[in-house]
Each structure stands twice: as C-alpha cells, then as structure tokens.
Amino acid sequence: MNQTGKSILLVDDDQDIRELLQTYLSRSGFRVRTVPDGTNFREALAGDPADLVILDVMLPDEDGFSLCSWVRGHQKLAQMPIIMLTASSDETDRIIGLELGADDYLAKPFSPRELLARIKALLRRVNFAQERTGDVLAFDEWRLDMVSHRLFHRDGEEVLLSGADFVLLKLFLDHPQQILDRDTIANATRGREVMPLERIVDMAVSRLRQRLGDTGKCPRLIRTVRGSGYLLAAQVAPHHDALG
C-alpha cells in the first residue's frame with residue numbers, strides 16, 4: 001500500500017516528543033500535524049480529519065480516554081485508527097484504551113521505529129478492510145455496507161463501528177460458520193509487526209458482540225468454541241437494497 005501523503009494527527013503535551021515524531025514521521029512520507037491538548041485536537045479534526053491519530057493519555061485539559069471515546073461516538077470519525085500513548089506501566093490503562101476502541105497502544109518510552117511499524121500495520125489493515133467484497137452483506141438481523149462501513153439493524157437503527165470493529169466483523173463475514181483461532185484473528189486485525197495478546201483478541205470480540213447486541217451469557221451470533229477460538233453462527237449473503 002502506498003502510504004505517501006497519509007495524514008497523521010499527533011496529540012501530546014510534550015513539545016520535544018511532538019517535534020521528534022513530526023520530523024521522523026514526515027521523513028517517512030506522512031503529513032503530520034501536532035497539537036498539545038484536547039481542545040486543539042477537536043478543532044483540528046473538525047477542520048481536517050486525519051488518516052490516523054496518535055493520542056497521548058495524559059493531557060492538560062482532558063485525558064486521552066475521553067477523546068478516544070468522543071472519536072468513536074462521532075459518525076464521521078468513528079473508523080479513524082487510533083494509537084494511544086502513555087507514560088504509565090499499569091496494564092489498566094491499556095485495557096481501558098482498548099475497551100474504548102483504541103486500535104493499538106504504546107507505553108513510553110518507545111522508539112520512533114516501533115511507532116512507525118505500528119502505524120504501517122494499522123494503515124495496511126485499513127486498506128485491507130476497504131477491499132470490496134460486495135456492496136452490502138446481510139447476516140442474521142444485520143446489514144453491513146462494505147464500502148461505507150455502515151452497519152444497520154433490520155429495524156433501521158445504525159450502529160457506529162470503529163475501524164477495528166469493522167475489520168473484525170469483515171473477517172467473520174468472510175469466514176461464516178468457520179472456527180477462527182486467536183492467532184488468525186490477531187494477524188488479520190492487529191498486523192504482523194505487533195505480537196498480539198490473547199486478552200486483546202478476546203476484548204475485541206467482546207466489543208464487537210456489544211455492537212451486535214450479542215451480550216447474553218451464551219452469545220448466539222459470535223460463539224466461543226472452547227479451546228479453539230470463535231465462530232460466526234450465521235448465514236451471510238449479498239443484500240441488494242440500498243442502506244441509509
């Protein structure tokens with residue numbers, strides 16, 4: 001995938017980090033904007049959305065968690081990839097960020113080279129997800145527009161998907177009624193540069209189940225196959241009616 005010219009918005013209150021990463025990522029062909037806080041972050045996205053966001057957890061006005069949640073609840077921005085940064089070594093921060101819909105997570109200090117690898121993996125994943133496999137797919141009570149990434153219930157209600165949600169759902173729809181192990185899910189949804197954590201895969205599936213209302217004690221749509229992985233227990237077929 002040609003990543004030249006892809007835009008990145010970096011939010012960090014540390015000026016040295018902003019300058020370092022702007023220089024490094026610009027040399028790799030990205031268009032990089034930097035802002036120091038949440039207020040400027042919102043204003044920057046309102047004026048010009050980015051292809052990817054790097055979001056620090058600790059900011060002077062509001063934390064990165066609330067900004068991540070805001071992005072995921074914003075229809076025009078919901079699928080924008082987010083990498084979160086934190087100076088905390090506490091795993092709790094990582095779990096909260098991923099539960100809120102962050103696509104990846106880096107603890108400070110980190111090498112710019114590692115961050116670049118994560119960025120490239122995420123952008124490749126987005127490119128993969130945008131490959132057309134039919135305009136609209138219908139499954140169970142749902143319809144998914146594969147071009148616009150819009151998910152609709154049969155009653156007409158739209159459910160916002162993050163980029164990570166869409167990639168995972170697309171993976172299941174590409175392999176209906178087949179068991180997908182955690183390695184398969186991790187490789188497709190998180191990129192091969194990042195060694196996936198089993199817990200992160202389980203959290204991603206849990207988040208997708210919430211989007212689909214499949215949250216009972218024994219989920220019926222995305223089933224857990226003990227010791228093996230997960231399975232989409234639904235027929236998938238093209239749907240020819242327009243959505244929206």
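This is a conversation about how to read some features of the predicted model shown above.

Visitor: How many helices and strands does the chain have?

Guide: Helices (H or I, at least four residues) and strands (E, at least two) are DSSP runs, numbered from the N terminus. In this chain the secondary structure comes to eight helices and 13 strands.

Visitor: What share of the residues counts as buried?

Guide: A residue is called buried under 20% relative accessible area, exposed over 50%, and partly exposed in between, with a 1.4 Å probe and protein chains only. Of the 244 residues of the chain, 48% count as buried. Accessible areas come from the Shrake-Rupley method with a 1.4 Å probe, and for residues only the protein chains shown count as cover. The accessible surface of the chain comes to about 11,900 Å², and 46% of it belongs to carbon and sulfur atoms.

Visitor: How should I read contacts, and which residues does Ala 233 touch?

Guide: Contact means heavy atoms within 4.5 Å. Among contacts in the chain between residues at least 6 apart in sequence, 61% join residues at least 24 apart. Ala 233 sits in the loop between β12 (229-232) and β13 (236-238), and with a relative accessibility of 25% it counts as partly exposed. If its neighbours within four places in sequence are left aside, Ala 233 is in contact with Arg 220, Leu 221 and Arg 223. Leu 221 is 12 residues from Ala 233 along the chain, and their C-alpha atoms are separated by 5.2 Å.

Visitor: How many salt bridges are there?

Guide: Side chains of opposite charge can pair when their charged atoms come close. The rule used here asks for a side-chain nitrogen of Lys or Arg within 4 Å of a carboxyl oxygen of Asp or Glu, and by this rule the count comes to 14 salt bridges.

Visitor: Which parts of the chain does the pair of Lys 108 and Asp 56 tie together?

Guide: The side chains of Lys 108 and Asp 56 meet in a salt bridge with an N to O distance of 3.4 Å. Lys 108 lies in the loop between β5 and α5 and Asp 56 in strand β3 (residues 52-56), so the pair ties together parts that are 52 residues apart in sequence. Lys 108 is buried, and so is Asp 56.

Visitor: Where are Lys 170 and Asp 174?

Guide: Lys 170 and Asp 174 are four residues apart in helix α6, so they are separated by about one helical turn. Their side chains meet in a salt bridge (2.9 Å, N to O). Lys 170 is buried, with a relative accessible area of 3%, whereas Asp 174, with 30%, is partly exposed.

Visitor: Which residues form the negative surface patch?

Guide: Patches are made of residues with over 30% relative accessible area and no salt bridge, where like charges are joined within 9 Å and nonpolar side chains (Val, Leu, Ile, Met, Phe, Trp, Tyr) within 5 Å. Lys and Arg count as positive and Asp and Glu as negative, while His and the chain ends are not counted. The place of a charge is taken as NZ of Lys, CZ of Arg, CG of Asp or CD of Glu. Here Asp 13, Asp 14, Asp 16 and Glu 19 form the negative surface patch. Asp 14 lies in the loop between β1 (7-11) and α1 (15-27), and its relative accessible area of 31% makes it partly exposed.

Methods: Residues numbered from 1 in each chain as written. Predicted model: local features only at pLDDT ≥ 70, side-chain atom pairs only at ≥ 80, totals over all residues. Heavy atoms only, no water.
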